[in-house]
Amino acid sequence: MASKADDAKTIYISSTYQQYPLYATYVSLNSFRQLIASATVINMMNGLNDPRIADFFVPNTNSGAYQGLLQGDAENIQGAADTAWSAIGAEEFSPTTSVFLLTGTESQFLQAEAEVRGYITGGASGASASYTSGITSSFSEWTTSSAASVSTYTAQSGVNFSNATSSSAQLNLI
């Protein structure tokens with residue numbers, strides 16, 4: 001798998017009974033929202049200034065910020081207004097949302113890991129190229145991303161592969 005064209009996915013259409021099943025369930029429950037952002041991913045994306053957050057989630061309506069709920073924190077969601085947390089973004093939650101089994105982007109990250117571990121040839125330089133290709137590919141799949149934001153994103157110390165000097169640090173980035 002080298003590109004988005006190679007993605008293994010299930011495709012849905014907007015016709016009744018042929019829609020993305022989670023969306024169809026959501027509609028049948030009269031838009032009762034139990035799908036909200038996890039604090040884990042929101043905090044990570046905010047910490048890395050990841051512009052793709054705008055594709056994955058919608059800011060909460062209380063403060064306009066991206067806010068997630070701690071996973072498993074059922075006590076705080078009971079009786080609370082949906083407006084306290086970020087909802088799933090429209091690109092991720094529509095009648096035609098595809099379910100991906102394996103993507104070309106994910107394949108790039110898997111190749112980077114295999115290069116770091118020595119399972120395939122390439123070493124650190126190959127892993128760096130595969131890692132950067134994975135990030136670039138991911139950014140190209142989302143509407144808010146651009147070439148400039150890829151450069152800015154990968155230049156950050158918490159993302160830049162050249163800052164990871166050990167195999168362990170490289171695997172943590174991947």
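**Exercises on a predicted model**

The chain comprises eight helices and four strands. The structure is a predicted model.

**Exercise 1.** State what pattern the chain follows along the sequence and what its C-alpha trace spans along the principal axes.

*Solution.* Step 1: read along the sequence, the elements follow the pattern β-α-α-α-β-α-β-β-α-α-α-α. Step 2: the C-alpha trace spans about 50 × 35 × 30 Å along the principal axes of the chain.

**Exercise 2.** Determine how the axes of α5 and α6 are arranged, and describe the crossing of the two helices.

*Solution.* Two packed helices are described by the angle between their axes and by the distance between those axes. Step 1: the axes of α5 and α6 come within 8 Å. Step 2: they cross at roughly 165°. Step 3: angles over 145 degrees count as roughly antiparallel, and α5 and α6 are therefore roughly antiparallel to each other. Step 4: the crossing of α5 and α6 is left-handed.

**Exercise 3.** Identify which residues of α5 and α6 meet, and classify the contact.

*Solution.* Step 1: α5 contributes Thr 105, Gln 108, Phe 109, Gln 111, Ala 112, Glu 115 and Val 116. Step 2: these meet residues of α6, including Gly 123, Gly 126, Ala 127, Ser 130 and Tyr 131. Step 3: by class, the contact of α5 with α6 has six nonpolar, 10 polar and one charged residues.

**Exercise 4.** Characterise the largest pocket by its space and its lining.

*Solution.* Step 1: the largest pocket holds about 920 Å³ of space. Step 2: its lining consists of 34 residues, of which Arg 52, Phe 56, Ser 138, Glu 141 and Trp 142 lie nearest the centre of the pocket. Step 3: at least two lining residues come from each of α2 (39-47), α5 (104-117), α6 (123-140) and α8 (167-173). Step 4: sorted by class, the lining has 19 nonpolar, seven polar and eight charged residues.

How values were computed:
Residues numbered from 1 in each chain as written. Predicted model: local features only at pLDDT ≥ 70, side-chain atom pairs only at ≥ 80, totals over all residues. Heavy atoms only, no water. 1 Å grid on protein atoms, 1.4 Å probe; cavity = no way out; pocket = protein on both sides within 12 Å on 5 of 7 lines; lining within 4 Å. Points joined across faces, edges and corners; volume = space filled by probe spheres on them. Nonpolar A, V, L, I, M, F, W, Y, C, P; charged D, E, K, R; others polar. Axes fitted to C-alpha atoms, helices over the stretch in contact; angles between N-to-C directions. Parallel < 35°, antiparallel > 145°, perpendicular 65-115°, else oblique. Left-handed = near helix turned anticlockwise from the far one by under 90°. Contact = heavy atoms within 4.5 Å.
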